[in-house]
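Below is a short note for a colleague who is opening this structure for the first time. The points can be read in order, with the structure alongside.

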Amino acid sequence: MKPMHWLAGAAALLATTALVHAEDMSALEAAAKAEGMLTTIALPHDWCGYGAVIDGFKAKYPDIKVNELNPDAGSADELEAIRANKGNTGPQAPDVIDVGLSFGPQAKEEGLIQPYKVSTWDEIPDTIKDADGYWYGDYYGVMSFMVNKDLVDTVPGDWSDLLKSDYAGQVALAGDPRASNQAILAVLAAGMSEGGKAGKDAGEKGLGFFKKLNDEKNFVPVIGKAGTLAQGATPIVVMWDYNALAARDTLAGNPPVEVVVPASGVLAGVYVQAISAHAPHPNAAKLWMEYIYSDEGQNLWLKGYCHPARFNAMAANGKVPQELIDALPPAESYAKAYFPSLDEQAANKEAVVAGWDKVVGANVQ
């Protein structure tokens, strides 16, 4: 840990990954305000409560404009945006990214991200962060089915149910499994429900499952979201529980929505944050990280139905309002959740991305 006086001015902040003290925070805030902008990418407002998180940051730092790029992008698109804008300091270059766990090490290996350790670093579990501070988990959820009860008479309780003729032309993924972390992990979960071991085996079995789903004409090659569910284009969407629960609230009974955590293949997925190595606004990026890993930011994730990275430490210290815990599905739904390792995710991702067109052959868009 560097002594506090080492960070005498804003310029020094650019080079350090030291934990932030109170006096450093004021210097960081000043440097971020001088930059005047933060560019985010792939942050839909209904994903994990991001709308409230962005609003909270803007309210706290009104001098910093939040420039939001392509809210519906996938993790692979975020890395591509950094690659494509390496020499660009304009508004198309993202400062920060929020990507699936397996994309963190990939971004580090490619030199696309820079290290920074937030002041609450010690409360982020070691298993979901890079030891050198290049990427760090921020929230997790479990794979679930979001169901339009107006159009689906019998709500499916497990993956195997989706293959029944009752669900012809009804089942969709919430992303393209060639680029979207959410969809790539949905294939892994399906494969695990088929008895596959997490990793390449479950990835291949998951592709087999979606081939059967497609052959039965139950699979709809449309990216599913609240709007497509309500319109009837995708009456059943496989997506993270927090996205499904937020959509249920947004739709407010029109149509009625049920969110189901399947009986088998219960998969937990962690998303990670990182700062672009080519960030035009590096101090604003660091200030954003400090905000989202603060008690306020972490509780906003929970309000958006996500389990925040610091949940265990905050709960132990009485920093989590009981009403936020009560609003989540019952704890037993999460008891069987499996957290795939980085190696398992990477092997699954390789199998799914390479095999989707060949095995399933459905062009999701």
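1. Start with the largest pocket. The largest share of its lining, three residues, comes from helix 4. The model is a predicted one. The space in this largest pocket is about 570 Å³. Its lining has 29 residues, and those closest to the pocket centre are P44, W47, D72, A174 and Q182.

2. Several elements share that lining. Those giving two or more residues to the largest pocket are helix 4 (75–84), helix 6, helix 8 (226–231) and helix 9 (241–251). By class, the lining of the largest pocket is made of 13 nonpolar, nine polar and seven charged residues.

3. The domains give the setting. The domain assignment divides the protein chain into domain 1 (22–139 + 269–334) and domain 2 (149–267 + 337–360). Taken over C-alpha atoms, the centres of domain 1 and domain 2 are 26 Å apart. In the contact between them, domain 1 takes part with 24 residues and domain 2 with 23 residues.

4. By class, the lining of the second largest pocket divides into 13 nonpolar, five polar and two charged residues. Domain 1 and domain 2 both give residues to the lining of the second largest pocket, so this pocket, too, lies between them.

5. The axes of helix 6 (residues 181–193) and helix 7 (residues 200–215) come within 7 Å and cross at roughly 90°. An angle of 65 to 115 degrees counts as roughly perpendicular, and helix 6 and helix 7 are therefore roughly perpendicular to each other.

6. On the helix 6 side, this contact is made by A186, V187, L188, A190, G191 and M192. Helix 7 brings A202, G203, K205, G206, L207, F209 and F210. By class, the contact of helix 6 with helix 7 has nine nonpolar, three polar and one charged residues.

7. How are helix 6 and helix 15 set to each other, roughly parallel or roughly perpendicular? Their axes come within 9 Å and cross at roughly 100°. Helix 6 and helix 15 are therefore roughly perpendicular to each other.

8. In that contact, N181, I184, L185, V187 and L188 of helix 6 meet Q345, N348, K349, V352, V353 and W356 of helix 15. The classes in the contact of helix 6 with helix 15 are seven nonpolar, three polar and one charged residues. V187 and L188 are listed in the contact with helix 7 and again in the contact with helix 15.

9. Two backbone details remain to be checked by eye. N254 and P255 are joined by a cis peptide bond, with omega at about 0°. P255 has its place in the loop between helix 9 and strand 8 (257–260). N70 is not a glycine, yet it has a positive phi of about 25°. N70 is found in the loop between strand 2 (65–69) and helix 4.

How values were computed
Residues are numbered from 1 along each chain as its sequence is written. This is a predicted model: local features need pLDDT of at least 70, side-chain atom pairs count only at pLDDT 80 or more; totals for chains, interfaces and linings use all residues. Side-chain values use heavy atoms; hydrogens and water are left out. Axes are lines fitted to C-alpha atoms, for helices over the stretch in contact, and angles run from 0 to 180 degrees between N-to-C directions. Helices (H or I, at least four residues) and strands (E, at least two) are DSSP runs, numbered from the N terminus. Angles under 35 degrees count as roughly parallel, over 145 as roughly antiparallel, 65 to 115 as roughly perpendicular and the rest as oblique. Contact means heavy atoms within 4.5 Å. Ala, Val, Leu, Ile, Met, Phe, Trp, Tyr, Cys and Pro count as nonpolar, Asp, Glu, Lys and Arg as charged, and the others, Gly among them, as polar. On a 1 Å grid over the protein atoms alone, a cavity is a set of points where a 1.4 Å probe fits but cannot get out, and a pocket is an open set with protein on both sides within 12 Å along at least five of seven lines; lining residues have an atom within 4 Å of a point. Grid points are joined across faces, edges and corners, and a volume is the space filled by probe spheres set on the points. Domain bounds come from an automatic or database domain assignment.
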